[in-house]
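Let's take a friendly walk through the metal site and the charged pairs of this model.

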Amino acid sequence: YANLPEIDQDVRSLGIGGLRLEKYTSQDYIIPGLSKKISGLELDVDHLARKVKLELVSFETIYDKVVKDTEKMKHIPSIRPVPGGYLNSRFGYRKDPFDGVQRFHKGLDFSVFTGTPIYAPADGVIQSARYSGKRGKHIKINHEFGYNTLFLHLSKINVKRGQKVKRGDLIGQTGNSGRSTAPHLHYEVHYNGVAQNPMDYFF
Ligand SMILES: [Zn+2]
């Protein structure tokens with residue numbers, strides 16, 4: 001991309017070259033219609049210069065888009081937050097293990113031993129990392145671009161609110177804290193505030 005301005009100058013000198021041809025209109029005496037041909041050539045050069053410029057602009061647009069998309073990719077939850085683990089309770093309606101009532105399960109449960117490391121599924125900022133009665137020790141990550149992830153029932157929290165994390169960073173350990181019947185990780189993926197099926201976010 002460092003070469004782009006050079007190309008631009010070449011295009012400009014092409015245009016100047018076209019103008020220089022005007023000096024030779026006196027050649028009309030020798031070859032009738034030559035100046036007409038030359039002005040036609042000038043038009044072609046102009047057209048070409050505009051076309052090249054247009055292509056450079058669209059090329060830059062594509063480049064910007066690729067850079068932006070690459071940045072976005074880093075922020076989309078896309079790895080399993082825990083290594084292995086039996087998928088116990090899936091996303092969707094299920095009988096609540098506490099009272100047997102049908103309720104929508106907004107996340108995915110990984111049955112894993114207490115102390116299993118939890119990794120950030122994408123780049124982001126820790127939005128909350130604290131204890132509450134139902135969620136137990138829990139972490140919420142804001143990944144920007146509309147994505148959030150939630151990790152409940154932990155035994156240990158390794159991050160602080162406001163901390164930046166990268167995909168694969170250790171953020172905590174699984175446990176059985178809060179409203180939980182057995183050691184597991186409850187994992188949620190939200191897009192624009194709506195719970196998504198985390199299964200769609202493992203690549
Ligand atoms: Zn759950």
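Is arginine 179 buried, partly exposed or exposed? With a relative accessible area of 34%, arginine 179 is partly exposed. Keep in mind that this is a predicted model.

Arginine 179 takes part in a salt bridge with aspartate 96, with 3.3 Å between the closest N and O atoms. This pair links distant parts of the chain, 83 residues apart: aspartate 96 sits in the loop between strand E2 (92-95) and strand E3 (102-105), and arginine 179 in the loop between strand E10 (170-174) and E11. Aspartate 96 also meets arginine 103, and arginine 103 in turn pairs with aspartate 99. Through shared partners, Asp96, Asp99, Arg103 and Arg179 are joined into one network. The count of salt bridges in the model comes to 7, including these:

| Aspartate 96 | Arginine 103 | 3.1 Å |

Now to the metal. The zinc ion is coordinated by His105 (NE2), by Asp109 through two OD entries, and by His186 (ND1), at 2.0 to 2.7 Å. The arrangement is irregular because the 4 donor atoms subtend angles of 52 to 153°. Along the chain, the donors follow the spacing H-x3-D-x76-H. Aspartate 109 lies in strand E4 (residues 108-111) and histidine 186 in strand E11 (residues 185-191), so this pair ties together parts 77 residues apart in sequence. Aspartate 109 is buried, at 6% relative accessible area, and histidine 186 is buried too, at 7%.

Key
Residues are numbered from 1 along each chain as its sequence is written. This is a predicted model: local features need pLDDT of at least 70, side-chain atom pairs count only at pLDDT 80 or more; totals for chains, interfaces and linings use all residues. Side-chain values use heavy atoms; hydrogens and water are left out. Donors are N, O and S atoms within 2.8 Å of the metal (3.2 Å for Na, K and Ca); water is not among the atoms, so sites may look incomplete. Four donors count as tetrahedral if all angles lie between 85 and 135 degrees; four count as square planar and six as octahedral if opposite donors are over 155 degrees apart and all others between 65 and 115; anything else is irregular. Helices (H or I, at least four residues) and strands (E, at least two) are DSSP runs, numbered from the N terminus. Buried means under 20% relative accessible area, exposed over 50%, partly exposed in between (1.4 Å probe, protein chains only). A salt bridge is a side-chain nitrogen of Lys or Arg within 4 Å of a carboxyl oxygen of Asp or Glu.
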